[in-house]
Amino acid sequence: MARQFGRRKFLIYGSATFGTSILLKACASNPTPQAGESASPTTAASPAAAGSGNTIKVGILHSLSGTMAISEKSVVDAEQLAIAEINQAGGVLGKQIEAVVEDGASDWPTFAEKATKLIDQDKVATIFGCWTSASRKAVLPVFEQKNHMLWYPVQYEGQECSKNIFYTGAAPNQQIEPSVDWLLENKGKEFFLVGSDYVFPRTANTIIKAQLEAKGAKVVGEDYLPLGSTEVTPIIAKIKQALPNGGVIYNTLNGDSNVAFFKQLQGAGMGPDKYPSMSVSIAEEEVKAIGPEYLKGHYAAWNYFQTVDTPANKKFVEAFKAKYGSDRVTNDPMEAAYIMVYIWKQAVEKAATADDMEKVRAAAVGQTFDAPQGQVSLAANHHLSKVVRIGEVRDDGLFEIVSSTDKAVAPVPWNQYVAETKGFACDWSDPAKGGKYKTT
Amino acid sequence: MLTGLVDGILGGIGIGSVLLLAALGLAIVFGLMGVINMAHGELMMLGAYTTFVVQNVFKSLGGDWLETYILFALPLAFLVAALMGLILERGVVRYLYGRPLETLLATWGVSLILQQFVRSVNWVLVIGLALFCLFFFGGMWLLSRRADWQRLRGWAIALLLPLSLGISAVTGNILSQTYKLVVTKPWFGAQNVDVTAPKWLRSGFSLGSFQVSSVRLFIVALTIFCVVGIYLFLQRSPWGLRIRAVTQNRSMSACLGIPTQKVDALTFALGSGLAGVAGCALSLLGSVGPNTGQNYIVDTFMVVVVGGVGKLVGSIVAAMAIGTLTYLIGSDAFRPLLTAVPPLADFFTFFSSTSMAKVMVFALIVVFLQVRPAGLFPQKGRTVDA
């Protein structure tokens with residue numbers, strides 16, 4: 001039987017299609033050839049690029065697939081919301097913002113690759129992106145080499161201060177340290193540290209241990225779970241051994257392990273009355289996914305909760321629900337992502353250009369914004385001053401705010417409890433100081 | 001001393017039964033059929049999502065119904081996963097019998113597709129898929145009744161494929177333009193979803209000085225039920241007899257008039273269905289999200305390999321052994337016994353963190369497989385080489 005569509009024909013048609021598509025792509029992606037050729041990678045991006053035409057291109061680089069899609073998708077939603085709002089209000093410098101969304105696919109080399117693509121090929125004016133510290137560390141060399149700009153919206157472990165990154169999530173002194181202080185004051189002096197086994201929980205726990213030692217409290221145990229693991233029985237047994245009469249659990253678990261941990265903690269009869277826990281990776285979205293029944297009465301430390309009572313927050317929550325559905329919730333990284341787009345816009349307007357990185361960077365420092373969490377301002381170390389809050393999980397899955405600082409806390413990226421970075425600071429407004437200088 | 005022993009056994013059985021429940025389906029698909037099904041975890045995930053849907057339906061019914069949803073979710077999860085397994089076997093796996101590498105890659109691909117499917121499934125996608133299947137497969141079926149079908153086949157595909165793709169794409173576009181968020185909103189989304197155990201499973205009760213969690217007890221009971229059920233099915237029912245016959249000698253069974261293709265499909269569906277049940281039960285302990293299945297796939301293969309491919313009893317013993325070992329090392333149970341020998345005590349303390357315990361368990365498994373490469377209960381006889 002002779003098949004009509006043989007291998008040879010397939011090869012011919014296939015290569016013809018392939019060739020045509022490459023040709024089309026080549027034509028489409030190079031409408032302004034002079035811009036592509038003249039831009040050398042070491043100089044600041046050429047003015048002809050992002051600002052040309054009636055739009056300003058910005059990059060959005062998050063994981064839309066893979067493990068981290070769970071968290072990063074809603075951050076993309078928040079960024080898109082801010083961009084849509086800005087565009088509706090007339091755009092930046094009279095131009096509309098055009099977002100180029102790329103998928104980092106929860107894979108760190110892919111992040112670096114896509115960042116290069118956004119900068120070189122799409123010629124974006126800035127990039128909003130990343131969630132995990134691993135992805136940020138992967139793209140950092142790209143941004144430094146190309147002298148470009150990344151806005152990073154997630155609380156992180158600190159110990160970094162790059163000229164090319166603006167950190168709008170909390171530094172440790174804006175989340176972890178105040179929450180430990182609050183626990184010491186209100187809940188007890190014996191701590192059990194539980195975390196996922198990767199860089200953030202380990203660094204965070206190093207800080208917590210140094211802090212507790214300085215304050216005369218005790219860490220009775222410490223345990224790490226592989227990312228994604230859901231077998232928490234041994235950890236629960238250990239907590240029970242170490243704290244037979246109750247005590248504080250400091251939880252830096254990430255992702256799926258949280259669900260297993262809290263479901264089984266309740267099954268083991270260890271409720272928040274005897275074993276209160278403080279989490280730094282559980283926000284409104286995660287509470288919804290774990291189930292408020294399991295988390296009620298436990299605590300979390302963030303800068304923003306959906307229940308924050310400010311006019312700006314009311315507006316933000318309403319706009320978000322109108323755009324994405326009334327069952328959606330807002331959380332801290334989403335708020336940080338939302339405000340960083342606005343701060344970038346203010347910086348561009350002050351600098352009167354979107355393409356000159358040096359000018360935009362200089363203009364960004366000192367910008368203030370009336371954010372949903374309260375007024376924030378961008379410090380010279382490229383971090384945001386933020387209000388610190390502690391929330392307790394309610395029946396409806398939102399947080400009852402039990403403690404809140406009066407005003408925004410200034411960011412300290414280099415940790416002052418850890419011996420290696422004690423006495424260091426960061427200041428990008430002064431060329432003599434830079435990313436890491438000794439204060440004393 | 002005695003309390004430590006009882007505690008270790010209880011904890012071990014708790015972890016072991018979870019492992020066993022997750023591995024049972026694989027023990028059938030991989031153990032009996034020899035198919036390396038990388039999508040096993042995703043079938044568990046489908047079971048977990050079925051539980052989520054059933055829970056929401058019962059929630060809307062209100063009243064005391066919510067307390068019983070899990071009893072309805074279990075059989076439904078079995079059915080959904082079994083159906084998916086059937087489609088998988090008929091659509092992919094049956095073309096790849098005897099080619100383990102291709103099966104591995106193909107099922108791995110299916111697992112990725114299923115993961116992304118639950119992330120992005122919405123009405124538009126479902127309607128588009130349904131339309132595509134209707135036009136493409138319906139058209140093929142209609143045409144295949146013509147006498148000159150063999151000659152037409154290539155052209156039919158070339159014509160029907162873009163046509164049905166176009167129709168479904170256009171319909172999807174129109175739908176999303178007219179109804180907006182209502183149809184384009186994902187059903188589940190990339191976020192994990194919340195499955196809450198009924199109240200009677202959420203607490204625990206004390207047994208002397210031990211706290212036993214009722215979910216664990218429920219899973220132990222369910223595991224026993226499943227094991228007994230499979231045993232009876234394989235040993236006492238006519239289809240079980242056929243399955244055993246085909247796994248022992250395929251060509252001879254075919255000669256004797258056993259419909260081997262049907263047996264293959266049934267075995268695969270059975271294994272998949274068990275994965276669904278496992279997913280339903282494990283949603284009470286852990287998270288339900290697109291990645292749920294990935295967390296279990298390595299553990300399940302480990303159980304089947306250590307137990308010996310082709311033997312259910314091997315999987316049972318292996319699951320319990322691995323569970324107990326994980327618990328004892330992970331909870332640092334050896335330390336009180338070894339205080340007399342400080343270096344040894346330090347050694348076990350070092351490995352007592354949960355992630356290090358896993359390293360140790362894997363190292364022990366590697367050593368064990370060096371001694372007994374075929375597992376705890378190797379299959380004997382001439383069929384082994386076949």
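A: Two strands are taken as paired if DSSP finds at least two bridges between them, and strands (E, at least two residues) and helices (H or I, at least four) are DSSP runs numbered from the N terminus. The model is predicted, so local features need pLDDT of at least 70 and side-chain atom pairs count only at pLDDT 80 or more, while totals for chains, interfaces and linings use all residues. Residues are numbered from 1 along each chain as its sequence is written, chains are lettered from A and ligands numbered from 1 in the order in which they are written, and side-chain values use heavy atoms, without hydrogens and water.

In chain A, an open, antiparallel sheet has the strand order β11-β12-β13. Its edges are β11 (368-371) and β13 (384-385) of chain A, each with a single partner strand, so one side of each lacks a neighbour in the sheet. Between β11(A) and β12 (residues 374-378) of chain A there are four bridges, and A:F369 faces A:V376 in β12(A).

Turning to the cysteines, a disulfide is a pair of cysteine sulfur atoms within 2.5 Å, and one is counted over all chains. A:C161 and A:C426 form a disulfide with their sulfur atoms 1.9 Å apart. Because A:C161 lies in the loop between β4 (150-152) and β5 (165-167) of chain A and A:C426 in strand β16 (residues 424-427) of chain A, the pair ties together parts 265 residues apart in sequence. A:C130, by contrast, is in no disulfide, the nearest cysteine sulfur, that of A:C161, being 16 Å away.
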